[in-house]
Amino acid sequence: MNDLVIVGAGLAGLLAANFAARRGASVTLVAQGRGSLSLSHGCLRLGRVAQNPQVFPEQHPYRLAGLDKVSPAIAEFHQLSNPDGLEFHGDAETTLDLPTASGAVLAVHFAPRSLAQGSLSNSGKVCIAGIEGFRDFDPGLVVHGLRRRGHPVEAASLPLPSGWPGRDLYSTDVASAFDRDWPGKEIARLWSPRLARVDRVGIPAVLGLAHSADILTSLQSELGVTLFEIPTLPPSLPGLRLERGLRRAALAAGCRVLEGPMATGRIDGTSGGVRALGVSSWTPAGPRVVDGGAVVLATGGALNGGWRASRTGRIHESVFDFPISAPEDREAWIGERLIGPHPYDRFGLTVNSHMQPCDSDGRPFFANVFACGGLLAGADRRTEGSREGIDLVTAYAAVEAALS
Amino acid sequence: VVCECELVTAEAIQAALDASPTIDLDDLRRDLRLGMGPCQAAFCAYRSAGLLGGREPGLDPSPGLRSFLEERWRGIKPLVWGHTLRQVELNRRIYQDLLGLDDR
């Protein structure tokens, strides 16, 4: 019997699993596939929660979780992520301005070392270098965008050693080849002549998955420059490294992971319907019961399947089928333009300050079901720049409530 | 391969640009079906914008990239529910959250 069943293996679920396991709880993480960290820049953006928390309305996930949770959650994140060598830099009050693969600038609060070294407020002559034949990072786009924003950077192009497969390479192909056998000397011989007279070089984020910290250190010393990585089109290695680090930390802390099957909520009929038993996990061999003292939903939002929208304009949460309120007219869900805010961004599960999903009258559906992360209603994570911060702080609060 | 859904290669794009020069990705879409598959340009919009920029060193490809994505959005707007909604959200994760395109 578990103390806690956590559903979802994205950032919120992995953090919740770690928080709970570190508190001595017996934890099983059930996930239908993986979360969306492969789409992530692998940094933490908190929004203006440290500078100006009053901008968040009372029903915002940050306020429901409690602003007093922000600092301890960040402190615990640092303990989790650093042993895997990712070495997160930054603080909650200021932001690092990092270049993106389209030449835009992303303001993040915490970034792994290989990205943090690309902070545009650092001095020195910067060169943005693509890798020949790699489609998912274009130095021309980066250079145009950064120059338009007042950063005078140069472009360069770097070859891969001979003997690579003559097919299209994904970032993960390059990274796993580097992990297996890092060709440091040859890379340095090929790249050095093209990087003369620059102080810092930005390259696509392909420097390994498991051994990225060592590869970065080795390449910097071979080339004699400061290197930084820029996340590519997905799969995005910085997100995958964070996923890997948190997953390993959770397993090391004793958490069990059941990956693949869909999870459906189980309700305790003998409790008068006020308690959940756990979930049924729909494995190919039939349903498998995963029960626990409490369930934490970390199943994500529109993208990850934490809720599903039907053609008729009804929206339901995926594990317990909790109703989610939304206008019946689907036209009211979306904005005018793709790149811009959309009303559905704020859709999600309503919770109380104990992180319990509630009905429209504010009553919890079950005493022992809690929710966190992208599933929660009431935030425009994109405009606020708060996506990872909400995952972190609400996972912390949900675990605390579930174990108390 | 630049567009995996419709199997459009870099060579096909270069040949189309040689035959009728353009800086508009939507012209390439009409020629080659670029970006018209299930992922609605999630991956090929960026890659093909890079190819256009490589041919015209003075051209900043990102305004064209943005308008190409908006053009695809107009086509799927009436269908945004179920899996299409997830697909739209995937494109926004990539272009807004990861690449930082904004509405300016």
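1. Basis of the values. The model is predicted, and local features need pLDDT of at least 70, side-chain atom pairs count only at pLDDT 80 or more, and totals for chains, interfaces and linings use all residues. Residues are numbered from 1 along each chain as its sequence is written, chains are lettered from A and ligands numbered from 1 in the order in which they are written, and side-chain values use heavy atoms, with hydrogens and water left out.

2. Chain A as a whole. The secondary structure of chain A comes to eleven helices and 18 strands, where helices (H or I, at least four residues) and strands (E, at least two) are DSSP runs numbered from the N terminus. Its radius of gyration is 22 Å, close to the 22 Å that the globule rule gives for 404 residues, so chain A is as compact as a globular protein of that length; the radius is taken over C-alpha atoms, and the rule is 2.2 Å times the number of residues to the power 0.38. The C-alpha trace of chain A spans about 75 × 45 × 40 Å along its principal axes. Of the 404 residues in chain A, 58% are buried, buried being under 20% relative accessible area, exposed over 50% and partly exposed in between, with a 1.4 Å probe and protein chains only. Among contacts (heavy atoms within 4.5 Å) in chain A between residues at least 6 apart in sequence, 66% join residues at least 24 apart.

3. Chain B as a whole. Chain B has five helices and zero strands, and from the N terminus on its elements run α-α-α-α-α. The radius of gyration of chain B is 13 Å, close to the 13 Å from the globule rule for 104 residues, so chain B is as compact as a globular protein of that length. Its C-alpha trace spans about 40 × 30 × 20 Å along the principal axes. Of the 104 residues of chain B, 55% count as buried, and residues 24 or more positions apart account for 66% of the contacts in chain B with a separation of 6 or more.

4. Extent of the interface. The contact between the chains takes 48 residues from chain A and 40 residues from chain B. About 4,200 Å² is buried between chain B and chain A, with carbon and sulfur atoms giving 56% of that area; buried area here is the accessible area (1.4 Å probe) that two parts lose on being put together, summed over both. Y46(B), R92(B) and L98(B) supply 18% of the area that chain B buries against chain A, more than any other three residues.

5. The rule finds eight salt bridges across the interface of chain B and chain A, a salt bridge being a side-chain nitrogen of Lys or Arg within 4 Å of a carboxyl oxygen of Asp or Glu. D136(A) forms a salt bridge with R47(B), in which the closest N and O atoms are 2.6 Å apart.

6. The side of chain B that touches chain A. Helix 3 (44-55), helix 4 (62-76) and helix 5 (82-98) of chain B are the elements that give two or more residues to this side, and helix 5 of chain B gives the most, with 13 residues. By class, this side has 21 nonpolar, six polar and 13 charged residues, with Ala, Val, Leu, Ile, Met, Phe, Trp, Tyr, Cys and Pro counted as nonpolar, Asp, Glu, Lys and Arg as charged, and the others, Gly among them, as polar.

7. F370(A). This residue lies in strand 18 (residues 369-371) of chain A and is buried, with a relative accessible area of 5%. F370(A) and L297(A) are 73 residues apart in sequence, yet 6.1 Å apart in space, C-alpha to C-alpha. Leaving aside neighbours within four places in sequence, F370(A) is in contact with residues including V295(A), L297(A), H354(A), P357(A) and A401(A).

8. N352(A). The loop between strand 17 (323-324) and strand 18 of chain A holds N352(A), which counts as buried at 16% relative accessibility. A polar atom of the side chain of N352(A) lies 3.0 Å from the backbone nitrogen of Q356(A). Not counting residues up to four places away in sequence, N352(A) touches L64(A), C358(A) and P364(A).

9. Q117(A). This residue is found in the loop between helix 4 (113-116) and strand 7 (126-131) of chain A, and at 18% relative accessibility Q117(A) counts as buried. Its contacts beyond four places in sequence include R200(A), Q220(A) and F228(A).

Definitions and conventions
A polar contact is a pair of N or O atoms within 3.5 Å; within protein, one must be able to donate a hydrogen and the other to accept it, and residues adjacent in sequence count only if both atoms are side-chain atoms.
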